[in-house]
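User: Hey, can you walk me through this one? I'd like to start with the ligand and then look at some strands.

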Amino acid sequence: MSEWWKKSVVYQVYPLSFNDSNNDGVGDLKGIEEKLPYLSKLGIDVVWLNPIFESPLVDNGYDISDYEKILPKYGTMDDFLSLLKEAHKLNIKIILDLVVNHTSNEHRWFKESCKGKENPYSDYYIWKDPREDGSEPNNWGSTFGGSAWEYVPSRGQYYLHCFAKEQPDLNWDNPKVRQSIYKMMTKWFELGIDGFRMDVISLISKNPEYPNAPKEVPYTKSYYVGASNGPKVHEYLHEMNEKVLSEYDVMTVGETPNTTSKQALLYTNPNRKELDMVFHFDHMHLDYGKYGKFSDIKFKMSDLRNVLSKWQKDLAEGWNALYWSNHDQPRAVTRFGNDEKYRDKSAKMLATLLHFMKGTPYIYEGEEIGMKNVPFDSLNDYRDIETKYFIEDLRNNSEPEEYIRKCVYLKSRDNARTPMPWNGNEKEGYGFSNGKPWIKYSPDNKNINVEDALKNPNSIFYYYQKLIKLRKSMAIITEGDFKLLNKDDSDVFSYVREMEEKKLVVICSFASKKVNFELPKELVKHISNSRLIISNYDDSNLELPQKLPLCLRPFESLAYYIEE
Ligand code: NOJ
C-alpha cells in the first residue's frame, strides 16, 4: 500500500456544527459539500467526519442505532455519495468514524439481546449476573456518570456500558459480532470511503475476570482497569486488518485512551498489520486536576515538550497522529497559547510546532481561524452530556459555582462544538444557518470568522495554508528524523528534523515576553546555509542572524531549512 496518509493533512469536520444547508439549525452533508472549495483552498488532503449514522444523539452520534443508514437530520445516502464524489474530484479523501466499542441501546442488536438468553443476539453484548446481594458485577463507573452496569429485568442481568447507559458495549469475544462489524466496514469501503477513525478502539477487548478497580482510581475511568488494552485487542485488530483493511488502500487512525507510547507501537508498527496511527492522550492530561479533565490548572511547557518528544522517539518505527484539539477538547489557542493579546501569534506558533513534527497533522474545524473557548452566559447553555454530568457532580460535592463555571469554560467539549462562523453577521446566523442553532453561537464570531480570515493575507488561515504547502514540497517534513534541542529551556520548544545532509530547525517560544534562545553549537556552524521557510512575524530575519543568541518575541516561531 502507498502510505499516502503519511504525506497528508487531515481536517476534522463536526457535522452538527459545520454548515446547515436547510436551515433546521443542524449542520448537514449538503452543507459540508458546499464548503469543499474552502477546504480545498486550505489545502488539506483528508476530511474526517464525526459519526453521520442513524442515532438518537444521546452522545451526539457516538450512540449509533444503524451503522448503514445516514442520520436523517444530516441527509440521505445519496447526499453522502454526492459529498464523497465531489470531494474526490477535488482530491480530498473522506474517512468516517467507526464506533464499534458500543452501539446505541436503540440498535436492533441490543433490542434483540435484551429479549433473553436464547435470542440469536444474546451474546452480542456483555451481560453478567448480579452479585449475590443483587448488586452490580463489579465496582466500575462509567465515563458519563454512575455505574458502568445497567440492570435489565427481562434478562435478570446487567450489561456493561463504559460510556452512557444508552451506549452498551459490544462483546468482541463473540465471533459473530466481529463478522457483523467487518461486513459493515466492507460495505462502506465498497462505497468508496478512504478510511476510518476508530472510536475508543483500545477498549474493545475486556479482561475476562472483570476485576474490581482499586479505590484510588477516579470513578469515571475505573473501567480502564479491565477494559483498556485488553488481552485480545491486538488479535482482533490484526484480524480486522487481514479480513477488511488489507483489501483496500485506506487509512486508519485509532483513538486509544489509556495507552502508553510502548503500547501504541504495538498498534502502529507496520509489521504487525493493525492500524496506521493512533491518537494518544498524554498531552491532553497535562492540565488535569482532582476531578480529572475538568480543572483550572495550566499545563507546563516543559511537560508538553517531554510528552511530545517522547512520543516522537518511541514511535519512530510506528507513526504519530498529531493534534492539539478535537470535538472532545477545548480550543487549542485557549489551552496551549494565549487567546487574547497573542491569539494570532500563538495560534500560528502552535500550528508550526505541530505541523513540523513527524506524523500526520489533524486540524480541528475552526482551528485554522484561531477559534477560542466560548464564554457562555449560563451553565444552562451547555449541551454536552459529559459537561452536564460534571456540573451535577461538582454541585453535589458543594464546589462553588464560580469554580464550576471556570472549569467548564476551560474544558467543556462544547467549546469545540459551537457552529463554524462563516461570516461575522449575527443576523445571518454567521453564515451557518438561518434557523435556530442547536447550540448557541460563540459571542466571538463577530471578530473571528472565515470571511475576515480569507480577506486578510496575514491571517491564521493563510499561515496554515502555507504550512500545508510546505509539507507537499519538502520530504523532510514527512520523513526526517526528530531530535529535540535545548531540552532544559524554560520557554522555548525547539527541535530539528534531519534527513540525509538536510536539517529543518524548528524554534517555538511559549513565552509572552521576549526571550533569548541559544542555538546549539552543532547548528551554529551551519548558519550560512540556512533559509527561513516560515515564521509568524512578518519581519523575522530571513537568514539566521550572525548575532546569537536569537532574541525571540512573544510566541515567535521560526523554521530554518539547512542544506549542506
Ligand atoms: C470518544 C469520542 O470522541 C467521544 O466524543 C465519545 O463521547 C466517546 N468516545 C464515546 O463514544
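Predicted model: local features only at pLDDT ≥ 70, side-chain atom pairs only at ≥ 80, totals over all residues.

User: OK, what about the histidines, how far are their polar side-chain atoms from a ligand oxygen?

Analyst: For histidine 102 the distance is 2.9 Å, and for histidine 327 it's 2.8 Å.

User: Which residues come nearest to the ligand overall?

Analyst: There are 13 residues around the ligand, and the nearest are Asp59, His102, Asp199, His327 and Asp328.

User: How does that shell divide into nonpolar, polar and charged?

Analyst: Seven of the shell residues are charged, four are nonpolar and two are polar.

User: And which pocket is the ligand's space?

Analyst: The ligand takes up the largest pocket.

User: Switching to strands: what's the order in the three-stranded open sheet?

Analyst: The order is β6-β8-β7, with antiparallel pairing.

User: Why do β6 and β7 each have a side without a neighbour?

Analyst: Both β6 (127-128) and β7 (149-152) stand at the edges with a single partner strand each, so one side of each has no neighbour in the sheet.

User: How many bridges join β7 to β8?

Analyst: Four, and β8 covers residues 157-160. As for partners, glutamate 150 is bridged to tyrosine 159 in β8.

Methods. Residues numbered from 1 in each chain as written. Heavy atoms only, no water. Near = heavy atom within 4 Å. Polar contact = N/O pair within 3.5 Å; in protein donor to acceptor, adjacent residues only side chain to side chain. 1 Å grid on protein atoms, 1.4 Å probe; cavity = no way out; pocket = protein on both sides within 12 Å on 5 of 7 lines; lining within 4 Å. Sits in = over half its atoms within 2 Å of the grid points. Nonpolar A, V, L, I, M, F, W, Y, C, P; charged D, E, K, R; others polar. Pairing = 2+ DSSP bridges. Helix = DSSP H or I, 4+ residues; strand = E, 2+ residues; numbered from the N terminus.
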